[in-house]
Amino acid sequence: MKRDRNVKIVATLGPASSTYEMIRALHEAGADVFRLNMSHGTHEEIEERHRIIRKVEQDLDSPIAILADLQGPKLRVGEFANGSEELEWGQEFRLDLDDTPGDSKRVQLPHPEIFEALQPGAHLLVNDGKIRLKVADCTSDHANCIVEAGGTISNRKGVNVPDVVLPLAALSEKDKRDLEFVCSLGIEWLALSFVQRARDVQEARDLANGRAALIAKIEKPSAVNDFDAILEVSDGIMVARGDLGVELPVHSVPPIQKRLVRKCRAKARPVIVATQMLESMIESPMPTRAEVSDVSGAIYEGTDAIMLSAESAAGQYPIEAVMTMNNVAVSVESDPTYRDIIEASRHADRKTVADGIVAAAREIAETTDIKAICCFTSSGNTAGLVARERPRVPIIALTNRRGTARRLSLNWGTQCVMTGELERFKQAVVNAARAARAHGYATEDDQIVVTAGVPFNTSGTTNILRVAPCNERLIYSTDPE
């Protein structure tokens with residue numbers, strides 16, 4: 001489905017968006033990727049949403065990527081005898097392994113691995129950081145804390161531990177079951193929550209075994225500190241600003257976001273900016289000006305995708321939220337300043353023949369009257385490299401692999417087109433010209449740039465660049481076999 005923008009939109013599905021009619025409407029309104037949040041919903045509900053997405057894809061003949069987001073290890077306090085308690089600044093409060101219901105002096109924290117890692121001076125944040133505790137002293141089974149920010153603490157509230165790397169398994173038993181389930185369904189992207197280090201991604205990669213590409217969610221300070229290593233072993237990145245803004249000072253998140261997006265672009269890894277982008281649209285048909293500015297900022301940075309969470313999963317205006325993101329993207333990308341910023345921040349890490357081919361394709365397209373860059377890709381890597389260049393002309397990725405076409409729905413500016421098996425380069429050029437004309441990017445009088453690799457259908461062989469006419473008669477009379 002042709003879009004009038006380059007940045008992609010990820011929409012989370014949930015109770016407000018679980019029917020065929022709604023999911024189709026969301027795709028038609030602008031959603032390119034659908035996120036299945038494994039923290040909510042049964043396997044039966046997830047399977048039904050997966051089935052509907054594939055039906056929409058078939059009915060509209062439009063490749064759609066599915067992103068399954070694993071819950072990750074959830075740290076929570078235990079329960080209170082009275083359901084909740086008020087903590088005051090300066091008071092002492094104890095966390096321990098005792099499952100006796102809590103009171104105003106203590107509560108269970110049923111995670112021995114936390115006590116093993118804690119040191120005096122470390123902080124624990126409860127209920128999205130609303131309550132802040134500083135460890136005074138600790139052992140392997142308890143921590144005596146001083147309340148630095150008080151308030152109401154209640155049953156099963158979440159706990160963040162920003163100051164230490166926790167000796168937690170990257171994937172819980174639930175995550176492992178969910179991973180196997182969604183991979184057996186057939187999804188394109190798998191998002192890993194609360195990644196702390198590069199080996200967390202590798203563990204998931206071993207379990208996925210090539211069945212899905214991996215996105216590391218950056219939402220902990222340790223992940224920011226180890227980001228370069230995490231980026232090397234990940235297929236994509238999500239800047240998950242929710243927990244990141246809890247565990248780090250909120251004013252530090254915007255520069256971190258900009259830095260991570262730029263690093264992802266240099267490495268040709270798709271990056272998603274997520275969390276609270278249009279939060280007010282959960283209940284309002286109109287966003288705030290601040291939210292629009294936030295979305296705009298991510299697009300100006302050159303992010304591959306922007307994401308809706310509760311806005312589309314549980315909000316009252318899911319279609320309006322997608323349309324708002326679409327309209328903001330179209331407006332930003334039509335601003336001349338957008339191109340200035342994108343091109344000034346282009347710092348590609350080029351080392352291979354394929355890197356040189358796609359860079360040359362962009363240069364040719366931007367210095368002559370070229371209507372599109374058409375790249376034949378088996379694994380999707382070549383299309384990802386072209387997207388890294390952020391060219392001024394559309395990118396048409398042609399592939400004979402449905403999974404590749406779906407996965408590329410996340411990459412900036414990439415229009416995915418299915419094609420048959422190819423044996424000759426001239427056949428590839430003809431298919432590229434037909435795709436450019438069929439999707440309204442070019443006419444017979446126009447020219448396109450075609451990149452491909454010989455031998456065909458082999459990953460990592462991009463070695464040909466051709467400026468070609470869209471008139472098939474000219475192709476047959478001038479192109480080599």
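Me: How many aromatic pairs does the count come to by the ring-centre rule?
Reply: This is a predicted model, in which local features need pLDDT of at least 70 and side-chain atom pairs count only at pLDDT 80 or more, whereas totals for chains, interfaces and linings use all residues. Residues are numbered from 1 along each chain as its sequence is written, and side-chain values use heavy atoms, with hydrogens and water left out. With rings of Phe, Tyr and Trp (its six-membered ring) pairing if their centres lie within 6.5 Å, and planes under 30 degrees apart called stacked, over 60 edge-to-face and the rest tilted, the count comes to 1 aromatic pair.

Me: What is the geometry of the pair formed by Y300 and Y338, stacked, tilted or edge-to-face?
Reply: The ring centres of Y300 and Y338 lie 6.3 Å from each other. Their planes stand at 55 degrees, and the pair is therefore classed, by the limits of 30 and 60 degrees, as tilted.

Me: How many residues apart in sequence are the parts that the pair of Y300 and Y338 ties together?
Reply: Y300 belongs to helix α10 (residues 289-301) and Y338 to helix α13 (residues 336-344), where helices (H or I, at least four residues) and strands (E, at least two) are DSSP runs numbered from the N terminus.

Me: How many of the 5 residues of strand β14 are buried?
Reply: From β14 (residues 236-240), G236, M238 and A240 point one way, while I237 and V239 point the other way, and all are buried. The strand is thus mostly covered, and its number of buried residues is 5.

Me: Which residue of β15 is the bridge partner of V239?
Reply: Strands pair if DSSP finds at least two bridges between them, and β14 runs parallel to β13 (residues 213-218), joined by 4 bridges, with I218 partnered by V239. On β15 (residues 271-274), the pairing with β14 is again parallel and spans 4 bridges. There the partner of V239 is V273.

Me: Which element gives the largest share of the lining of the second largest pocket?
Reply: The second largest pocket has a volume of about 570 Å³, and among its 27 lining residues D235, A268, S379, G380 and N381 lie nearest its centre. A pocket, on a 1 Å grid over the protein atoms alone, is an open set with protein on both sides within 12 Å along at least five of seven lines, and a cavity is a set of points where a 1.4 Å probe fits but cannot get out; lining residues have an atom within 4 Å of a point. The elements giving two or more residues to this lining are α7 (227-233) and α15 (381-388). The largest share, 4 residues, comes from α15.

Note on methods. Points joined across faces, edges and corners; volume = space filled by probe spheres on them. Buried < 20%, exposed > 50% of the residue type's maximum accessible area, 1.4 Å probe, protein only.
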